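Subject: Structure handover

Hello,

Here is the structure for your files. My notes follow below it.

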Amino acid sequence: MPTPRFLTLDDVAEILNVSWSQAYALVRRKELIAIQIGGRGQWRVEVDELERFIQQKYAEARAGAVPPEPAAPEK
């Protein structure tokens with residue numbers, strides 16, 4: 001059986017070992033490019049796109065690019 005071209009967000013979450021909502025947040029922030037199929041929000045991520053995302057994160061880690069921590073809420 002050939003390797004599938006597209007992954008669901010459940011698949012992406014499992015591969016990255018994160019929750020579905022974290023995978024969806026990556027898509028919402030356009031860090032991970034996905035396409036929406038149909039009207040019910042069925043998101044698909046191309047296998048090559050996920051690999052590009054992973055390689056980009058490794059490159060950022062090697063360069064020491066660490067995103068800033070979110071500001072603490074004011075009291």
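Tyr-24 is partly exposed, at a relative accessible area of 24%. On the terms: buried means under 20% relative accessible area, exposed over 50%, and partly exposed in between, using a 1.4 Å probe and protein chains only. This is a predicted model: local features need pLDDT of at least 70, side-chain atom pairs count only at pLDDT 80 or more, and totals for chains, interfaces and linings use all residues. Residues are numbered from 1 along each chain as its sequence is written, and side-chain values use heavy atoms, with hydrogens and water left out.

Aromatic rings

Trp-20 also counts as partly exposed, at 41% relative accessibility. Both Trp-20 and Tyr-24 sit in helix 2, 4 residues apart, about one turn of the helix. Rings of Phe, Tyr and Trp (its six-membered ring) pair if their centres lie within 6.5 Å; planes under 30 degrees apart count as stacked, over 60 as edge-to-face and the rest as tilted. That rule gives 2 aromatic pairs. In one of them, the ring centres of Trp-20 and Tyr-24 are 5.2 Å apart and the planes lie at 10°, so this pair is stacked. Ring pairs join Trp-20, Tyr-24 and Trp-43 into a cluster.

Overall layout

The protein has 3 helices and 3 strands. Their order along the sequence is β-α-α-β-β-α. Helices (H or I, at least four residues) and strands (E, at least two) are DSSP runs, numbered from the N terminus. Of the 75 residues, 20% count as buried. Contact means heavy atoms within 4.5 Å. Among contacts between residues at least 6 apart in sequence, 43% join residues at least 24 apart.

Helix 3

Helix 3 covers residues 47–63, which is 17 residues. From first C-alpha to last it reaches 25 Å, close to the 24 Å expected at 1.5 Å a residue. That expected span is 1.5 Å times one less than the number of residues. Its buried residues are Glu-49, Leu-50 and Phe-53. Seen down the axis of helix 3, they fall within an arc of 105°, so they line one face of the helix. The arc is taken over the directions from the helix axis to the C-beta atoms. Cover for the buried residues of helix 3 includes strand 1 (6–8), helix 1 (9–16), helix 2 (20–28) and strand 3 (42–46). The face turned away from the buried side carries the exposed residues Asp-48, Arg-62 and Ala-63. Just after helix 3, Gly-64 takes a positive phi of about 80°.

Best wishes
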